[in-house]
Amino acid sequence: MNTTDNLIPRPSHVELLDSPAFTLAAAARIAGNDSTVPVAEQLASLLRRGTGFDVPIVADTRTGDIALQLVETFDGGPEAYALTVTEGGIQLTAGSNAGLFNAVQTLRQLLPSSIEDTNPKEGDGSWVIPAVEILDAPRFAYRGLMLDVARNFFTVEEVKKQIDVMTQFKLNALHLHLTDDQAWRIEIHAPKENPSGLDYAKLTAVGGHGAVEVPTAVPVRGNSGFYTQQDFKEIQAYAATKNVLVVPEVDLPGHVNAALAAIPQLNPDGLAKPMSSTSEVGWSTLDAALPATYEFVREVLGQLAEITAGPFLHIGGDEAHVTGHDNYIAMVQEFARIGTETGKTVVGWNEYADAGLPDGAVVQYWHGDLAPVVRRADSGASSVIMSPAANTYLDQKYDKSSPVGLEWVEGGPFTWSEYYNWDPAQGGLQDHQILGVEGPLWTETVRNNQQAYWLLYPRAVSLAEVAWSAQEARNTGDFRRRLGAFGERLAKQGVAFQEAPDVEWSAKPEWPFQETMTGNKPGYGTIEA
């Protein structure tokens, strides 16, 4: 069995060629033009790190090169690609750099797992790739993870590391949950016009210090911090080099206690609420009768839209249990209108589908009745991101023995197979109505990247194949085998993962999960005492 049998996600078409294999030699080069340089640099970095070879990027092509080519017309959409390996060289072809980047991820998996070594020794590795033709394109355009940075803060560098790991599975969207009851993580500047005299600097001066506290987590309290607007731009710029779209979320009109604690005018009595570290949900709300509510939301969404490179602006809308129904509808309708006026496409959790949303608004289904979401999709008014909790929520414990994670979703266990064996096209939804699939990681019990990795992987790998590969092309037993083979690559990358007992793993994590149960790191975030 060769590396073509172990690819994740499973490509649309794989055909072994009647040709000798290709061997990557010390004189190997990457050939391309100015347009392909960003992807060529990504590939060169991978090969240099793993092989120790120089791997220059050149404009001409000769035998033994890896050639990157963009063409004007390419079937399958912007992320589709073709990859051909023969004895004389490797050809990567696509209609966009996104497609070329996906081809690079496949090429990465065709190489031996030793390509993931960060300290290659001279003479290490036999860099042989079978002769093969691969034609590939994704089932869904949006294939994402969500990171809850509100309950527990992750630094810019930690977010970048999360991006590094997710992209090898062709996941291409990172949804950042920036605000909640416990904390506010994004800087908002003082506006030129401020009729209500709202002090936006306090959102991070007060809310940036917040974090969740859960007795069973290690440590009990989450990390504090916030992103400056420049930090947020830096994350997006890095993500863009990895073909990842960043989707920011400010949760409204519930999950807002950090804002109510920072800005007194958002409260009917004009008094700031105390900060809270509880993991309880659904107990805070904005006030539909206050003009300051809409002034605040307009300023926050306006600034966030201005610094967001991508097309989406997530406005939350979930678990507003103490918001009266009429007030909820009135606020969500206005917030969605404000978000749309920024030029962005608004996204919200499926509760907000009950409101009168602008055409084109995206509904993220996570829980409850799917029927209203299907009706909006059938009308052509909305596309859908599928995140049904029992099949995608990555914060759930694998089983009762898991040292971190939550247990609120009914059913279980919540292993790689439950996250693999489902079809996003359910309840009457059809593929063309589904924007994609997203796996959320809520961080009530997560305190560092390794704990996050352990909850994410291998379940996020399952979601990556669900979102990329055709439903009829997927096979549980074959995926179990390929998942086990990938263990060696994750281990070499230093990524903690849950060693599912029904998978034959090629390697175990180099750092056992128990060793990641450590205290807060010093110097976290951008908070100054």
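Let me begin with a definition: two strands count as paired if DSSP finds at least two bridges between them, and strands themselves are DSSP runs (E, at least two residues), just as helices are runs of H or I of at least four residues, both numbered from the N terminus. What we have here is a predicted model, in which local features need pLDDT of at least 70 and side-chain atom pairs count only at pLDDT 80 or more, while totals for chains, interfaces and linings use all residues. Residues are numbered from 1 along each chain as its sequence is written, and side-chain values use heavy atoms, with hydrogens and water left out.

On confidence, pLDDT being the predictor's own confidence in each residue on a scale from 0 to 100, the chain has a mean of 95, and 95% of its residues reach 70 or more. The pLDDT falls below 50 over residues 518-529, a stretch that has 29 contacts in the model beyond near neighbours in sequence, where contact means heavy atoms within 4.5 Å.

Now to the open sheet, which has 7 strands in the order β1-β9-β6-β7-β5-β3-β4 and mixed pairing. Because β1 (13-16) and β4 (57-58) stand at the edges with a single partner strand each, one side of each is left without a neighbour in the sheet. Further in, β3 (residues 30-31) and β5 (residues 66-70) pair in the parallel sense over 2 bridges, and A31 stands opposite A67 in β5. Helix α1 (residues 37-51) lies across β3, β4 and β5 and runs at about 160° to β5; for such angles, axes are lines fitted to C-alpha atoms, for helices over the stretch in contact, and the values run from 0 to 180 degrees between N-to-C directions.

Strand β6 (residues 81-86) pairs antiparallel with β7 (residues 89-94) over 6 bridges, a hairpin of 2 residues joins them, and V85 stands opposite I90. β6 is also joined by 5 bridges to β9 (residues 132-136), again antiparallel, with L83 opposite I134.

The other sheet is a barrel, which 8 parallel strands close in the order β10-β11-β12-β13-β14-β15-β16-β17. Its neighbouring strands are turned by 25° against each other on average, direction ignored. β10 pairs with β17 (residues 434-441) in the parallel sense over 6 bridges, and L147 has L441 as its bridge partner in β17. Helix α3 packs on this sheet, touching β10 and β11 (173-177), and its direction makes about 150° with that of β11.

The whole structure holds 4 cavities of 30 Å³ or more.

The largest cavity, of about 60 Å³, is lined by L145, M146, L147, Q162, M166, L174, L441 and L456.

Key:
1 Å grid on protein atoms, 1.4 Å probe; cavity = no way out; pocket = protein on both sides within 12 Å on 5 of 7 lines; lining within 4 Å. Points joined across faces, edges and corners; volume = space filled by probe spheres on them.
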